[in-house]
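Here is a short tour of one model, meant to be read with the structure open beside it.

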Amino acid sequence: MTRSIIARPVRQALSRPLVQQPRHALTPFMSARSQASVADPTSDSYSGPPELVNELPHPREENEAVRLPRAVQALYLQPLRREAEYGVPSCDLQLRSFSVPNLEFFCDFALRAAYYLNLPAFGPVPLPKITERWTVPRSHFIFKKSQENFERITRRRLIQIRDGHPETVQIWLAYLQKHAYYGIGMKANVWEFDSLGTGKKLDAQTKSFQEIVEQKMENFGRDKTLGTVEKVKELLASERFRRTK
């Protein structure tokens, strides 16, 4: 075999392109050309009315026209807050959890719910974490030195409501309890303020409360109601009971 015969296939391999385009690469250009020829009224093969090729708007123009609702746009921003006029505390809500993401998520949810109920909310204020540790022996008897340690850290946040109406605060707490998030514990301290003379009002209501309590205490400790004795007497005096004798 001569040297020229060996070098010929090498030259042919080098002369070819390294990356060949697939056969279907030219199909978009062919389809665009065919559409243009159909829509072009000046072509010889055109015999019908003019047709619109691109009827849909450009995707950029379509995205600019669409706008999300204000309530959806607010989810991507910080929760809105109401301003307190007097600054009198009405409720202190303490949230506890072992997971920080769940705790931050529910704090955000509580602040948004307070805003839509017209409650001035402040927080969340991070409270000192609670760290608990346990030491448990892995085995017994002579293997007591083999022990295992467990640790649990509780994260806490505080949200305070100021200048809130007591009924509105109760609605807010009930809403949070209804839509409670998993792994979140809640503890609320509520303050209610009344007008002067509350003691006199309570003294006036003691008589009505005492009558209600006396009615309840009359039947306390009895297994039977008061009507059972009268029913027994009626059964004994009835003719049906006398015939059975």
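The largest cavity has a volume of about 30 Å³, and a search of the whole structure finds one cavity of 30 Å³ or more. Here a cavity is a set of points, on a 1 Å grid over the protein atoms alone, where a 1.4 Å probe fits but cannot get out, and lining residues have an atom within 4 Å of a point. Grid points are joined across faces, edges and corners, and the volume is the space filled by probe spheres set on the points. This is a predicted model, in which local features need pLDDT of at least 70 and side-chain atom pairs count only at pLDDT 80 or more, while totals for chains, interfaces and linings use all residues. Residues are numbered from 1 along each chain as its sequence is written, and side-chain values use heavy atoms, with hydrogens and water left out.

Which residues line the largest cavity? They are Leu80, Arg81, Arg82, Leu111, Ala114, Tyr115, Leu119 and Ala121. Helix α5 gives the most to this lining, with three residues; helices (H or I, at least four residues) and strands (E, at least two) are DSSP runs, numbered from the N terminus.

After α5 comes Asn118, with a positive phi near 60°.

| Charge | Ring | Distance to ring centre |
|---|---|---|
| Arg82 | Tyr115 | 4.1 Å |
| Arg162 | Phe122 | 4.1 Å |

The structure also holds five aromatic pairs, with ring centres within 6.5 Å and planes counted as stacked under 30 degrees, edge-to-face over 60 and tilted for the rest. Phe105 and Tyr181 have centres 4.9 Å apart and planes at 50°, so their pair is tilted. Phe105 lies in α5 and Tyr181 in the loop between α6 and β4, so the pair ties together parts 76 residues apart in sequence. Tyr181 also makes a tilted pair with Tyr182, at 4.7 Å and 35°. Phe105, Tyr181 and Tyr182 form one aromatic cluster.

Definitions and conventions: Phe/Tyr/Trp six-rings, centres within 6.5 Å; stacked < 30°, edge-to-face > 60°. Lys NZ or Arg CZ within 6 Å of the ring centre and 35° of its normal. 1 Å grid on protein atoms, 1.4 Å probe; cavity = no way out; pocket = protein on both sides within 12 Å on 5 of 7 lines; lining within 4 Å.
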